[in-house]
2 protein chains.
Amino acid sequence: MSVIKTIVTRDAIFPLKPGEGTDAVHRDPVYSYATTLIETDAGRRGTGLALTLGGGNDLVCGAIELLAAPLIDREIESLMAQWGVVSRQIAEHSQLRWLGPHKGVVHLALASITNACFDLWAKVRGVPLWQLLLDLSPARIVALLDMSYLEDMMTAAQAEAIIESHLADRAAREGVITSGYPGYDTSAGWFSYDDRQIADNARRAVDSGFTALKLKVGSSDAERDVRRATIVRDTVGDDIRLMVDANQQWTLPAALDVCRRLAPINPFWIEEPTHPDDVLAHAQLQKEIAPIPIAAGEHLPNRIMFKNYMQADACRIVQPDALRLAGVSEFITVSLLARQRNLRVAPHVGDMGQLHQHLVLFNHIALGCEKLFLEYIPHLRDRFIHRADVRDGVYHTPRAPGASTDLID
Amino acid sequence: MSVIKTIVTRDAIFPLKPGEGTDAVHRDPVYSYATTLIETDAGRRGTGLALTLGGGNDLVCGAIELLAAPLIDREIESLMAQWGVVSRQIAEHSQLRWLGPHKGVVHLALASITNACFDLWAKVRGVPLWQLLLDLSPARIVALLDMSYLEDMMTAAQAEAIIESHLADRAAREGVITSGYPGYDTSAGWFSYDDRQIADNARRAVDSGFTALKLKVGSSDAERDVRRATIVRDTVGDDIRLMVDANQQWTLPAALDVCRRLAPINPFWIEEPTHPDDVLAHAQLQKEIAPIPIAAGEHLPNRIMFKNYMQADACRIVQPDALRLAGVSEFITVSLLARQRNLRVAPHVGDMGQLHQHLVLFNHIALGCEKLFLEYIPHLRDRFIHRADVRDGVYHTPRAPGASTDLID
């Protein structure tokens, strides 16, 4: 029996070095975690994170304190046995849902709360989170999920059937546990790095074993985007997968124009071309630039928006982030939706990959998702107790109990 | 010269009587305003409101304090001459936009800030807000608006042309200033009122001059919805417009079922049938239940979601709320989008109609929007200094300078 006795928050702010984390829209990020710390009667602790860029991180902490209260005195195993119901009750708080619903500060708070519960759960069981998830039956997995408002695309029974259908050939995919999961490098191409820096960084990324990397675009000067993408392509050669990311900066007409001009560098995907609420603009753009896939998810707040994106064929690479969605459970829900449509899943890592390294193993082994690659951003490495072990461009499987989200005090 | 010197917030909480404000989703509302109070060097004050249902109202106040700082020392006329640029700068705050973007707590905060600026501006000019807006040239109106991400539907030039095109025959619509703008009664049919109460309330609403009223539906027991809608229809007769409002409660399959069963009571619209992020579910439902129109907007966070709804034919009654959107200016933007598509505009009144009574006059006279009716909810009447003058079911035109948003201390 592990009963939750205290829930406190930490407004954890981590300034970056000049240029780090910059993109076309976010020019001065201060990576920050609205952190949920839960502790049981036996002194076991769970840590949950939601990412912000600094400003307003304390507002998310405030929302955590309002929303997490019902978890006090709950036993962790019984809580997680019906997490789908509990998380829906929190999300549907009849006053606080007005601040969303299911988006913005209250949903980020639910992400942090949820992730803390999963971390605690895995620690209490004494296993890494990926192992815990793989040990659950399909029915237990589905009981973790709030699948409301998805009925027209996927019922709980259909979700369970998907997991069931991938049980038999799991062994064929379990090799990833020993080989590790490939990473891709985002930090080579931050927006405010100059041309020489991105070339040097791209070369260094490839030299250190990455086979895929990303460049920030979305300049007001499209020539700059094309020039820099060409520099990186020329630097790394044709065998490296190169993604470009506009961070929502373009209008639809601008996106149509610049995406066409970027086609010659053969982007593996074009990420967040325009406003994340604009389902139909993404759908039109996806149609125009196919077969180049649009990638989206970093700012899609919940499973319902993802459902719309998939139904409208508005993106072909799905990028859920368990620190933007309502935590690990809504991440799994979105992964199931993507699996149903045979769409590739490549998480955005607000957690710097710490938590998602567990989730991509689950997605690949339990859901049969393609082993693609996981974003890697090194800037907060020293802030975590159990640092992701990324060597030779590969995430090596975490072995410590929990979700790898504990921060150094 | 009126220069903004102080900006403070007020966490204004107004408990309601039992049953008031209840719907299928919001069972215990405490109407609350995250209030922005700005004051000039000459002691002129502007009041801006964003509605919440109690919980988290202080979080919105916190976000206001973070976002409003750039307005200090700005002169109000020069500020409002380029409000479209200024409001976009606030909305695009490179750290705080992560908490949205353009939705949730940060966008509610921008609503409150924006509305305070408009109230102050009208007071400095010594006119009611509707008069101020009608006195502006089409170009000045468009300069108030952030039209980014709308380019594929409406450019600034097209917006200006719409206003321009309705200048010549304004006089034919100005009679509304003396006759007043019709209201409709929402408070007859709150969700937790029993059958007898809603019948009594409906009778009383009609007796007091309302020609339209609304009933809350979305019960887990569809029979209850149908029974209560039938009671109200039988009570008020066929000549009264009767709207039903499910407040997002239904899944798409449930909505398809219940909407068909509600058709015999001839609803003037069916409001918020399912989750507000579900553009495609609304589009499918609208197709199935046409010609009954879907009404939506209370929880559409921004102009981009409204654009998607309109492009997908996902609603035919547009319900912007200047306390959910980024205030008066984004309300006007959404009204222009609706006007372009010849869709009816019937605001949701988080302000209890105090501010929107100005905006519907502008919409009708300046944009040529149909004179439909404006929602009326009386529960906070005594909280405002300049109470909306609603008699015989009609909003009589406010004459005091400002936006009618000042609260009693």
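How many residues of chain B are in contact with chain A? In this predicted model, 49 residues of chain B are in contact with 49 residues of chain A, contact meaning that the C-beta atoms of two residues, placed from the backbone, lie within 7 Å. Residues are numbered from 1 along each chain as its sequence is written, and chains are lettered from A and ligands numbered from 1 in the order in which they are written. Local features need pLDDT of at least 70 and side-chain atom pairs count only at pLDDT 80 or more, while totals for chains, interfaces and linings use all residues.

**Chain B against chain A**

- The side of chain B that touches chain A draws two or more residues from each of helix 1 (57-67), helix 4, helix 11 (252-262), helix 12 (279-289) and helix 13 (303-311) of chain B. Helices (H or I, at least four residues) and strands (E, at least two) are DSSP runs, numbered from the N terminus.
- That side of chain B divides into 23 nonpolar, 19 polar and 7 charged residues. Here Ala, Val, Leu, Ile, Met, Phe, Trp, Tyr, Cys and Pro count as nonpolar, Asp, Glu, Lys and Arg as charged, and the others, Gly among them, as polar.

- The same surface serves both copies, as 100% of the contact residues of chain B recur in chain A.

**Domains of chain A**

- An automatic or database assignment gives domain 1 (4-126) and domain 2 (170-396) in chain A.
- The C-alpha centres of these domains of chain A lie 24 Å apart, and 26 residues of domain 1 are in contact with 29 residues of domain 2.
- On the domain 1 side, helix 4 of chain A gives the largest share, 6 residues.

**Helix 3 and helix 4 of chain B**

- The axes of helix 3 (residues 83-91) and helix 4 (residues 104-125) of chain B come within 11 Å and cross at roughly 155°. Axes are lines fitted to C-alpha atoms, for helices over the stretch in contact, with angles from 0 to 180 degrees between N-to-C directions.
- The two helices of chain B are therefore roughly antiparallel (over 145 degrees).
- Ser87(B), Ile90(B) and Ala91(B) of helix 3 make the contact with Leu110(B), Ile113(B) and Thr114(B) of helix 4.

Methods: Parallel < 35°, antiparallel > 145°, perpendicular 65-115°, else oblique.
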